[in-house]
Amino acid sequence: RVSRASAFVAMDHNHTDSQTAEAAIRILGDGDLSRGGYATVAMAANKAGRPGVADLLLVLESSVADKVPALLAIGSYPEAATVAANAKDADLIFETLMEFEKFCLSDPAKGQSDYLGTVVGKFPSEGYHMLRRYFACMPDVKIVMNLLLRAQKFTAAGSTIAMQALKAEHHKDSQTYIAEASRVFGLGKETTFEKVCTDDVLDLMNDQEVLRNKYGPDILTKKNASLMDTIYSVICYASVNRRDSHKLLTDADKLARKFRVSDKRFWHVKVRAFADTEQWANLRNLADSKTKPPIGFKPFALAAIKGNQSNSEILRYIERITVAEEKFDLLCEAKIWIKAVEEAAKLKDIQRILYVKSFSNDPNIQALCNDYANRL
């Protein structure tokens, strides 16, 4: 039956596509038909120059494995992709993409443009996403970028090119990628936030280049340093380049103001950088500045404790803390037990007094604890 129907559609030129298709269907009959029967007759019709007949016959084909190759053979690529996607057959979707690419690239002038345009506009979303994943595996990022831009996926396109900056070996290459990402984000109406952020990153990279030229490459050794990493490194470098320490601290202040770093965050970074590089004089100057510390004095005290500073240096910060419970905890952290028990006595907290007694090995401190405890 399949052979007779194939011969009929190949020879019949006196009827419309609909009439020829109906006649072929009658030949095939309503009984059991081998798998791919309609697809075989459809390809014969297409070969005979009757693509309309082929389309009508393929509507009745139930075998996806036969229907998709037949659709590819007659050039119905979007329909083939739709059938493969509905069947959730990834292999057939990929085969359709590859066959369609071969067809389009036969025209070097506009083949790639037609290919991407059709996949984006006429293929099911499964086809687009599979092609995107495939292109993303290629070493040339321009390939996947072309697809994303054609689909107007500006967020994904900008993010893709920005990620290349993290892989770049040279600072100037990273700047080039970030500048391109900014341009791409600027193409979309919904990517304004991403563009602003990317422009800030580009400004930061330019400022990092200025710092390297001004103070030498050692000022920023971390690749792709963030804003806070940059500020931290500049402050730390003041311990190395003491001649320019004032300029370096001024440059750190300028960066914080330019990029709108909150006061609390900036002060925390300052305290950490001064402590990590043992700039204790600068830490004292910061605590004694006219500006009231927005982070309080606890971070100063903890930095001094961690840096194994003298008790007098630690007490410089602890004694300026107004919350008694916080002051007690820091005195215990610093193991300044006599001050700790005195603070516990002021709080009239016997539990804190006993805590000091249990951790102090000094008999005099233990006796003082007993004395305060008895008074309570």
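Predicted model: local features only at pLDDT ≥ 70, side-chain atom pairs only at ≥ 80, totals over all residues.

Q: OK, what's up with the backbone at Lys335?

A: Its phi is positive, about 60°, although Lys335 is not a glycine. Lys335 follows helix 20.

Q: And is Lys335 buried or exposed?

A: Exposed: its relative accessible area is 58%, and the cut-off for that class is over 50%.

Q: Where else is there a non-glycine residue with positive phi?

A: Gln152 is one, with phi near 60°. Gln152 is placed in the loop between helix 10 and helix 11.

Q: Buried or exposed, that Gln152?

A: Gln152 is exposed, at 59% relative accessible area.

Q: Why would residues three or four places apart point the same way?

A: An α-helix has 3.6 residues a turn, so residues with that spacing end up pointing the same way.

Q: Lots of helices, then. How many helices and strands does the protein have?

A: There are 23 helices and zero strands.

Q: What's the radius of gyration?

A: The protein has 38 Å, whereas a compact globule of 376 residues would be near 21 Å.

Q: And what box do the C-alpha atoms fill?

A: Roughly 115 × 55 × 30 Å, taken along the principal axes.

Q: How many of the residues count as buried, as a percentage?

A: That's 44% of the 376 residues.

Q: What about surface?

A: The accessible surface comes to about 21000 Å², and carbon and sulfur atoms account for 51% of that.

Q: Contacts along the chain: what share joins residues at least 24 apart?

A: 50%, counted among contacts between residues at least 6 apart in sequence.

Q: What's the lining of the largest pocket like by class?

A: It has 14 nonpolar, seven polar and six charged residues.

Q: And the second largest pocket, what volume there?

A: About 220 Å³. The elements giving two or more residues to its lining are helix 15 (245–258), helix 16 (263–276) and helix 17 (280–287).

Q: Which of those has the largest share?

A: Helix 15, with five residues.

Q: Can you name the residues that line the second largest pocket, and what is the split by class?

A: The lining residues are Ile235, His246, Leu249, Thr250, Ala252, Asp253, Lys270, Phe274, Asn282, Asn285, Leu286 and Ser289. By class, that lining has five nonpolar, five polar and two charged residues.

Q: New topic: Lys67. Where is it, and buried or exposed?

A: Lys67 is in helix 5, residues 64–73. Lys67 counts as buried because its relative accessibility is 16%, and the cut-off is under 20%.

Q: What does Lys67 touch?

A: Leu58, Val59, Glu61 and Val83, with residues up to four places away in sequence not counted.

Q: Last one, Ile143. Where does it lie, and what is it in contact with?

A: Ile143 lies in helix 10, residues 141–150. Leaving aside neighbours within four places in sequence, Ile143 is in contact with Phe135 and Met138.

Q: What's the accessibility of Ile143?

A: Ile143 is partly exposed, at 25% relative accessible area.

Q: And where is Ala168 relative to Ile143?

A: The two are 25 residues apart along the chain, and their C-alpha atoms are separated by 18 Å.

Definitions and conventions:
Residues numbered from 1 in each chain as written. Heavy atoms only, no water. Nonpolar A, V, L, I, M, F, W, Y, C, P; charged D, E, K, R; others polar. 1 Å grid on protein atoms, 1.4 Å probe; cavity = no way out; pocket = protein on both sides within 12 Å on 5 of 7 lines; lining within 4 Å. Points joined across faces, edges and corners; volume = space filled by probe spheres on them. Helix = DSSP H or I, 4+ residues; strand = E, 2+ residues; numbered from the N terminus. Rg over C-alpha atoms; globule rule 2.2 N^0.38 Å. Buried < 20%, exposed > 50% of the residue type's maximum accessible area, 1.4 Å probe, protein only. Contact = heavy atoms within 4.5 Å. Areas by Shrake-Rupley, 256 points an atom, 1.4 Å probe, with all protein chains shown as cover.
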